[in-house]
Amino acid sequence: MALVGRKMEKLETVKAEIESTCSVKISLHSCDIREEDRVKETIADILVAHGKIDHLINNAGGQFPSPLNMISGKGFETVVRNNLTGGFLVAREVFNQHMMLQLGKKDMSITNIIADMWNGMPGMGHSGAARAGMLNFSETAANEWAPVRVNAVAPGFIASSGMDTYPEPMKQTIMQLDKTIPLQRLGLEAEVSGALVFLCSPAASFISGSCIRIDGAAPNARRIWPVGTGKANPAFNSFHLGGVPEVIQRRDAERASKKGN
Ligand SMILES: CCCCCCCCCCC/C=C/C(=O)SCCNC(=O)CCNC(=O)[C@H](O)C(C)(C)COP(=O)(O)OP(=O)(O)OC[C@H]1O[C@@H](n2cnc3c(N)ncnc32)[C@H](O)[C@@H]1OP(=O)(O)O
Ligand SMILES: NC(=O)C1=CN([C@@H]2O[C@H](COP(=O)(O)OP(=O)(O)OC[C@H]3O[C@@H](n4cnc5c(N)ncnc54)[C@H](OP(=O)(O)O)[C@@H]3O)[C@@H](O)[C@H]2O)C=CC1
């Protein structure tokens with residue numbers, strides 16, 4: 001397993017977590033996926049360390065919240081590079097340096113993480129545009145790079161540590177998000193990884209050019225119908241090391257205190 005991100009400290013933490021659970025060879029690579037030369041070097045380093053890359057999960061990404069009319073050209077480009085160009089560069093290098101030379105010999109896949117950007121992504125329009133581009137890139141690559149399977153996974157609102165990186169006004173919105181989702185709760189990281197494990201497995205060997213939505217049916221909510229019944233379904237909570245983001249802990253504490261009053 002090769003873990004890639006900008007900050008080595010974060011990667012060390014994840015490595016230690018995985019090693020506390022199972023025995024697997026893990027290499028760590030500090031790389032900003034927006035830097036083309038660095039991406040080329042990183043993929044080459046991974047191939048030296050492991051000799052192969054069977055499955056790529058293109059997960060790196062993120063953005064800052066802003067209405068469209070306040071986003072500068074530089075800000076828009078920064079987010080597009082983070083959520084579209086960077087993922088393309090990583091996938092291209094994995095394909096060119098390894099997968100292209102192994103076609104037909106084994107099952108290989110690329111999964112690009114996008115987001116719930118259907119019908120637009122208000123407050124994060126730069127990211128919505130980039131993620132829509134990533135979906136279209138995945139569809140093209142599924143054709144040009146077959147038999148490598150290329151798919152997208154589109155998470156909706158997932159209770160991850162990423163939620164704690166947003167400013168306070170947005171945290172207020174995050175604390176109300178569950179009410180906008182037909183399944184009446186946020187998703188868990190384990191519920192995204194379940195789909196990723198499936199897509200990397202032989203059980204998904206005829207799935208390519210597809211997108212799996214993991215969003216509790218949020219894009220299916222309609223103004224003419226109440227959202228959900230007030231009841232949530234049980235979550236697939238399989239990460240024993242997973243944590244609850246601070247913003248969600250705060251939400252639950254506030255709701256418990258209101259109930260107590
Ligand atoms: C109003 C919101 C309604 C939404 C409703 C709720 C949504 C809930 C959220 C759930 C959905 C999504 C979840 C996730 O994606 S979780 C992952 C979250 N984690 C992150 O997003 C963190 C990652 N973000 C970053 O690393 C950075 O923001 C980013 C990579 C995008 C930029 O960092 P970088 O270091 O590369 O860039 P700079 O800081 O140098 O900035 C470059 C230019 O970009 C513009 N910019 C950057 N930050 C801001 C900001 N906060 N506000 C405005 N503009 C910004 C700016 O032009 C920078 O250039 P200058 O500094 O020269 O001006
Ligand atoms: N949580 C949610 O509700 C949703 C999340 N998503 C997307 O799912 C993915 C994972 O999200 P989540 O775990 O919540 O977010 P986090 O912010 O916790 O994780 C994002 C990861 O991407 C890495 N990363 C970000 N930018 C770069 C870059 N330029 N180069 C290399 N690595 C980078 C970060 O590491 P480092 O900082 O060390 O580089 C970090 O490990 C992201 O793409 C996110 O946008 C989509 C929809 C909803």
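Modeller: Before we start, angles under 35 degrees count as roughly parallel, over 145 as roughly antiparallel, 65 to 115 as roughly perpendicular and the rest as oblique. This is a predicted model, in which local features need pLDDT of at least 70 and side-chain atom pairs count only at pLDDT 80 or more, while totals for chains, interfaces and linings use all residues. Residues are numbered from 1 along each chain as its sequence is written, and chains are lettered from A and ligands numbered from 1 in the order in which they are written.

Biologist: OK, at what angle do H3 and H4 pack?

Modeller: Helix H3 (residues 73–97) and helix H4 (residues 125–144) pack at about 20°, and their axes are 8 Å apart; helices here are DSSP runs of H or I with at least four residues, and strands are runs of E with at least two, numbered from the N terminus. The axes are lines fitted to C-alpha atoms, for helices over the stretch in contact, with angles running from 0 to 180 degrees between N-to-C directions. H3 and H4 are therefore roughly parallel to each other.

Biologist: Which residues make the contact?

Modeller: Among them are Gly 75, Phe 76, Val 79 and Val 80 of H3, with Ala 129, Ala 130, Gly 133 and Met 134 of H4, where contact means that C-beta atoms, placed from the backbone, lie within 7 Å. By class, this contact has 11 nonpolar, 6 polar and 1 charged residues, with Ala, Val, Leu, Ile, Met, Phe, Trp, Tyr, Cys and Pro taken as nonpolar, Asp, Glu, Lys and Arg as charged, and the others, Gly among them, as polar.

Biologist: Switching to the sheet, what's the strand order?

Modeller: The order is S3-S4-S5-S6, an open sheet of 4 strands with parallel pairing, and two strands pair if DSSP finds at least two bridges between them. Strand S3 (55–58) and strand S6 (211–214) stand at the edges with a single partner strand each, so one side of each is left without a neighbour in the sheet.

Biologist: And which strands does H4 touch?

Modeller: H4 packs on the sheet against S4, S5 and S6, and its direction makes about 160° with that of S5.

Methods. Two residues are in contact if their C-beta atoms, placed from the backbone, lie within 7 Å.
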